[in-house]
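Welcome, and do take a look at the model below.

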Amino acid sequence: MRHIISILLENESGALSRVAGLFSARAYNIESLTVAPTDDSTLSRMTLVTSGTDDIVEQITKQLNKLIDVVKIHDLTEEAHIERELMLIKVQATHEARDEVKRLVEIFRARIIDVTDTTYTIEITGNGAKLDAFVEALSSITIHEVVRSGLLGISRGDRVLS
Amino acid sequence: MELTGAEIIIECLKAEDVDYVFGYPGGAVLHIYDAFFKQEDVKHILVRHEQGATHAADGYARSTGKPGVVLVTSGPGATNAVTGIATAYMDSIPMIVITGQVPKALIGNDAFQEVDSVGITRPIVKHNFLIEDVKDIARVFKQAFFVATTGRPGPVVIDIPKDITAAKTEFNYPKEMVMRSYNPTVKGHPGQIKRAVDIILSAERPMIYTGGGVILGNGSEQLRVFTKKLGYPITQTLMGLGAFPASDKQSLGMLGMHGTYEANMGMHNCDVLIAIGARFDDRVTGNLEKFCPYATIIHVDVDPASISKNVRVDVPIVGEVVQVLNDFNKALEQTDRTPNASAIEKWWHQINEWRSQDCLKYDRDSETIKPQFVIEKMYEVTKGSAIVTSDVGQHQMFAAQYYGFDEPRRWINSGGLGTMGFGMPAAMGAQLAHPDDLVMCVTGESSIQMCIQELATCRQYGLPLKIVNLNNGCMGMVRQWQEFFYDKRYSNSHMDVQPDFKMLAEAYGHVGIRIEKSSDVVPALEEAIALKDRLVFLDFITDQQENVYPMIPAGAGLNEMILV
């Protein structure tokens, strides 16, 4: 089963490689990983998407907790949460495709953020499935580039990871 | 007053009460060595290879409970230390390894003797640091010692660029260390302890299974009280030997691949398993599908990640063994309930029946020296009083099986990583820490050659080790597996050329004795021990065909042992 794990870790050089190294050394699987400093610049917040049986995910959380740089971790999938991912996508926009792409952008509540005579660059946020659906909808258009941020997650309600 | 980084390092070691540092100099650590030269509080032991330094520090740590300290240079100094760091990591040994690094400005430039020491050691340390500012040295050392010695202990590497050791700042050693990201659990959960005690007292076929955690956590005394109070059988892992006396009749000896028949049958048939400071290693469990099929399992460990890693447990208790055992003992004292006497009596009857198999029997009358015979005689001659280190292989198993350890921290071997070459340098560390004790290294002719150069270190510091070399002319354990599982195709397990170990020992300035007959074993051991201030290398020519029994083949359950 897929799990989204939120990790608060010391914002120190090497902290990211400790997490990444743990996953490769123990043959755990990483679907995506995002990390950036928080409002407290001594801390980084990481969202890691992994999958495995309950036993494996239990070991993953325990092993992550064991890393000295990890301050706190929480498995978001255990409760109500919000998932978001950002995608930037550059497509061919010539002739009738120019209008077709604009229509799709509207339907998906995306935004065109850069325009040339022949291309559009689009920004879209949502959960992974919505982004996949958008790429799918563009199947008749030539896609030049896709850049995805990986998933970000946060709990619903007043629960806070700190 | 401002001190240099190198001087601050010495001050930190003094503040941590470090008496010995095991090391080898080189370019990146010359400032630190210069600071060593100017003081006498911290003694430096000059080894002959950095692997020897790490094992010696490890042996020091295992025999004392204090962290071992290592100092090596950058590049090859650090990579040579890697095997010893991994050895300590696998057995949870507290160790501080200071590695020199090229000057900060050169890091990443493929400079002379540069390696990414922090990157290379990351998967084999509890934590590691790269110091980037002289002002950080004191804090990092305080953190390093704190992390290495608390919770589940382990090695910590501190990588220090050369320019940082020359830079100056004020020295202030932090008195306390609080880390928001590191706070090991000490006390076991009271509810879980109550639950566990209920289950323990209801047991009809209980087994106590303890590991290295009891020794690392100094819980031997509490374990003895607990086990005696209950009257239950106890088995100990390779790493746990000595926590409970082997000579006590409640002890069933070691369990696992080369454990005793009674211990493994007891494990397989028990209805309550009380695991304390043990981690259900594959050498202990055999086939996980067949492991303890009837047991309710209680597991006490300081490391939550060790719990339910290999085997699902019913009552997990995270905490230090001393704390949890004290809580167990208090609860047992306060309750009116007692163990089920008739069931336990029946259980002992069954266990004694297994015991009567005498699974450790061998040909005691053989003229050719049997390796088991040497260990048995070693036990008799020393009355079990020696600190015994070992290398890895058949001789390690024989030592574990035939030398009865009654006290903790007297049996020192590489269990997790299985590092050949560990035994002699580890014995050096143990001997330095216990100058008045008899320290013996049980080894084989293959293992000993992996760190043989440390014979010179022993000579330099007058370390009177007794080296018991069980020389069967081959890698015994490899040979055994090839005999059993590869149709006797002895691929590269026999070395056609061996040194004359007697002459080799003499070349290093030690005493060498070669023993070829069983009847000479005891006189040779007595002679060696009588030479109190000399290292004696006892080269016992042993039976090459001898195998370690009993044995659980790979993939089998604990009840499927091969007996002699």
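Here follow a few questions and answers about chain B.

Guide: This is a predicted model, where local features need pLDDT of at least 70, side-chain atom pairs count only at pLDDT 80 or more, and totals for chains, interfaces and linings use all residues. Residues are numbered from 1 along each chain as its sequence is written, with chains lettered from A and ligands numbered from 1 in the order in which they are written.

Visitor: Which residue takes a positive phi just after α6(B)?

Guide: The phi in question is about 55°. Just after α6(B), the residue with this positive value is B:Gly151.

Visitor: Are α8(B) and α13(B) oblique or roughly parallel to each other?

Guide: Axes are lines fitted to C-alpha atoms, for helices over the stretch in contact, and angles run from 0 to 180 degrees between N-to-C directions. The axes of α8 (residues 190-202) and α13 (residues 321-334) of chain B come within 10 Å and cross at roughly 55°. Angles under 35 degrees count as roughly parallel, over 145 as roughly antiparallel, 65 to 115 as roughly perpendicular and the rest as oblique. The two helices, α8(B) and α13(B), are therefore oblique.

Visitor: How many residues does chain B bring to the contact with chain A?

Guide: Residues are in contact if their C-beta atoms, placed from the backbone, lie within 7 Å. Chain A gives 15 residues, and chain B gives 12.

Definitions and conventions. Contact = placed C-beta atoms within 7 Å. Helix = DSSP H or I, 4+ residues; strand = E, 2+ residues; numbered from the N terminus.
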